[in-house]
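Please look over the sequence and the model shown here, and keep both in view while reading.

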Amino acid sequence: YNFIHDNYVNNTVGVNSTGGGAIRCGDGNPIIINNVICNNQAYGYGGGIVLNYCTGNIVNNLIVYNSGGNAFGGGGIWLTGTNNSTEVNILNNTVAFNQSTGTGTYGGKAGGLFVFSIKANLRNNIFWGNTQTAGGVFATFFSGTIAAEYCDIQTTTAGTGNISTDPLFADSTYFLLGPGSPCIDAGDSAVGYNDSEISPGIAAFPSMGTERNDMGMYGGQKVAAIPVCLENATGLSDLSDNNTIQLFPNPAASFLNIHISNPEHVAYQAELYTVTGQQVLKQQLSGMANRLDISSLSNGFYVLKIYSSEKIYSVKKIQIIR
């Protein structure tokens with residue numbers, strides 16, 4: 001549950017290369033789960049995460065807008081080790097809009113994932129919008145291998161259940177899956193990968209659809225709440241159609257007013273969640289003026305989602321203070 005953002009690792013005199021803009025692990029077995037890794041830079045390699053001679057698990061993270069790789073590639077994730085007996089598991093992450101720039105044999109390769117020597121096991125991830133100077137979203141060297149299944153990868157990739165289709169993100173802040181996303185219910189269908197349910201057969205938000213795994217950070221058993229911290233992230237904006245939805249007051253005490261200007265639909269839904277992902281309120285909205293009774297809720301931060309059958313209009317942090 002960490003928010004690691006806006007860090008920069010530069011080269012220095014006498015050093016061949018530096019890497020790991022957000023996280024650099026060496027000779028270990030890290031578990032990196034439920035984090036937002038955003039807008040970090042590493043001049044040499046691995047703008048986001050570097051695992052150097054490590055096994056490990058990278059699970060349900062949002063890894064976006066990181067950059068690096070001038071010398072040895074890797075905008076989002078960079079892995080190296082001795083041989084294929086070293087394995088790293090990458091499960092239900094959203095790795096999007098990372099960038100690798102540079103030239104040479106390795107520089108500027110793999111905006112998404114760079115693998116030297118070891119084996120990376122990918123399942124139920126989204127790799128989309130990543131860019132590189134040369135090559136594809138993935139790069140492997142020195143017998144490194146990538147085994148991907150049930151992933152949405154912008155470059156067509158062999159493997160069971162893989163697709164190469166625009167994930168239709170609802171926004172560029174939270175990277176929720178919009179209505180009709182091909183990643184909803186497209187992950188591994190094995191029960192052990194199922195999304196949490198809010199009722200039998202229905203996934204609990206922020207997962208969508210049925211209980212089958214959603215590709216990306218909002219799918220699977222380890223899914224965390226929407227990262228409300230993203231509202232103040234560099235280069236990101238809150239998911240809110242300000243021409244359509246106005247909320248007031250915020251902070252609120254007993255009631256939250258919702259004004260919908262120029263309604264596009266007859267019916268909207270409002271859902272309120274704790275920051276740990278528990279739904280505490282659901283109400284149908286209609287017309288322009290609506291009011292949520294929040295008098296029974298405890299003080300603290302919540303996440304409000306407003307949507308219709310076709311579009312998510314707002315996902316916004318609110319605060320209750322009395």
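Asparagine 194 lies in the loop between β21 (152–153) and β22 (197–199), where strands are DSSP runs of E with at least two residues, helices are runs of H or I with at least four, and both are numbered from the N terminus. This is a predicted model, in which local features need pLDDT of at least 70 and side-chain atom pairs count only at pLDDT 80 or more, while totals for chains, interfaces and linings use all residues. Residues are numbered from 1 along each chain as its sequence is written, and side-chain values use heavy atoms, with hydrogens and water left out.

Asparagine 194 counts as buried because its relative accessibility is 13%; buried means under 20% relative accessible area, exposed over 50%, and partly exposed in between, with a 1.4 Å probe and protein chains only. Once its neighbours within four places in sequence are left aside, asparagine 194 is in contact with Ser189, Glu211, Arg212, Asn213, Gly220 and Gln221, contact meaning heavy atoms within 4.5 Å.

Leaving aside neighbours within four places in sequence, the residues in contact with serine 207 are Asp195, Asp214, Tyr218, Gly219 and Val223. For one of these, tyrosine 218, the backbone oxygen lies 2.5 Å from a polar atom of the serine 207 side chain.

Two or more lining residues come from each of β23, β27 (267–274), β28 (279–286) and β30 (300–307).

Taken as a whole, the protein has 0 helices and 31 strands, and 53% of its 322 residues count as buried. Its C-alpha atoms fill a box of roughly 60 × 45 × 35 Å along the principal axes. Among contacts between residues at least 6 apart in sequence, 70% join residues at least 24 apart.

Key. A polar contact is a pair of N or O atoms within 3.5 Å; within protein, one must be able to donate a hydrogen and the other to accept it, and residues adjacent in sequence count only if both atoms are side-chain atoms.
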